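I opened the model today to check a few packing details. My notes follow in the order I looked things up.

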Amino acid sequence: MPKNWNAVADRSEGLYTVDLCKQAFHQLLTHQCLYRRFQHQVTAYRLISANRPEFEEAAELAGYRLYFKDRHEFCCIVPDIAKHTLLDLQQTIFLLVLRRLYHEHASVGDLTPDGDAVVTATELATTYIEMCGKPLEKGQGVIKALIKNAWSNGLARDIEAADDDPQPFAVAILPGIAEVLSEHT
């Protein structure tokens with residue numbers, strides 16, 4: 001990686017600027033996963049994907065590993081060192097439940113073309129009880145907050161439920177969860 005992003009900007013012939021390179025790297029660090037399919041991430045994803053060696057080296061210098069999953073058009077950054085990030089217990093359990101559900105759906109090939117595992121609110125609640133022996137805290141606001149937190153890291157998002165589902169929403173568990181919450185993590 002050069003000392004700065006000038007070489008990347010110069011090579012793009014005006015398509016990307018130094019500031020855009022910095023913004024893309026910052027967005028990757030703060031969101032952890034970037035997907036080509038999401039409008040607010042597509043520019044950063046394309047810039048990073050087109051300049052992989054430079055961004056991989058920048059990530060390495062910051063103590064991260066940068067992964068690309070071209071099939072589902074996303075990239076993610078994972079700490080390369082054992083890092084003790086404090087999450088509250090409820091958020092930690094929620095993410096582990098999502099990871100388990102993703103694994104179960106992926107194991108039987110039940111993923112969308114984008115690699116998402118779509119689960120109903122009922123399936124989410126049932127798995128949560130199975131894993132921790134108590135129900136997920138009641139209230140749509142609590143669940144929405146947990147999903148919003150997962151979405152900020154590119155791990156899951158809420159979507160409209162299927163027409164035959166009495167629940168108001170479902171959860172799309174994004175493929176980045178398999179990289180971010182791996183056995184190594």
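I started with strand β6, residues 169-173, and found it mostly covered, with 5 of its 5 residues buried. Buried here means under 20% relative accessible area, exposed over 50%, and partly exposed in between (1.4 Å probe, protein chains only). Strands (E, at least two residues) and helices (H or I, at least four) are DSSP runs, numbered from the N terminus.

The model is predicted: local features need pLDDT of at least 70, side-chain atom pairs count only at pLDDT 80 or more, and totals for chains, interfaces and linings use all residues. Residues are numbered from 1 along each chain as its sequence is written, and side-chain values use heavy atoms, with hydrogens and water left out.

I checked each face of β6. Phe-169, Val-171 and Ile-173 are buried on one side, and Ala-170 and Ala-172 are buried on the other.

Next I looked up the neighbours. Strands pair if DSSP finds at least two bridges between them. β4 (residues 117-120) runs antiparallel to β6 and is joined to it by 4 bridges. I noted Ala-117 with Ile-173 as its bridge partner in β6. β5 (residues 156-160) also pairs with β6 in the antiparallel sense, over 5 bridges. There, Arg-157 stands opposite Ala-172.

**α2 against α4**

Two packed helices are described by the angle between their axes and the distance between the axes. I took axes as lines fitted to C-alpha atoms, for helices over the stretch in contact, with angles from 0 to 180 degrees between N-to-C directions. The axes of α2 and α4 (residues 52-61) come within 12 Å and cross at roughly 55 degrees. The two helices are therefore oblique to each other; under 35 degrees counts as roughly parallel, over 145 as roughly antiparallel, 65 to 115 as roughly perpendicular, and the rest as oblique.

I then listed the contacts, meaning heavy atoms within 4.5 Å. Cys-21, Ala-24 and Phe-25 of α2 meet Phe-55, Ala-58 and Ala-59 of α4.

**α3**

In α3 (residues 42-50) I found Val-42, Ala-44, Tyr-45, Leu-47, Ile-48 and Ser-49 buried. The buried residues of this helix pack against several elements, including α1 (6-11), α2, α4 and β2 (64-69).

**Gln-32**

Where does Gln-32 sit? I placed Gln-32 in the loop between α2 (18-31) and β1 (33-35). Gln-32 is buried, at 18% relative accessible area. Leaving out residues up to four places away in sequence, I noted that Gln-32 touches Gln-27, Cys-75, Cys-76, Ile-77, Pro-79, Asn-153 and Val-180.
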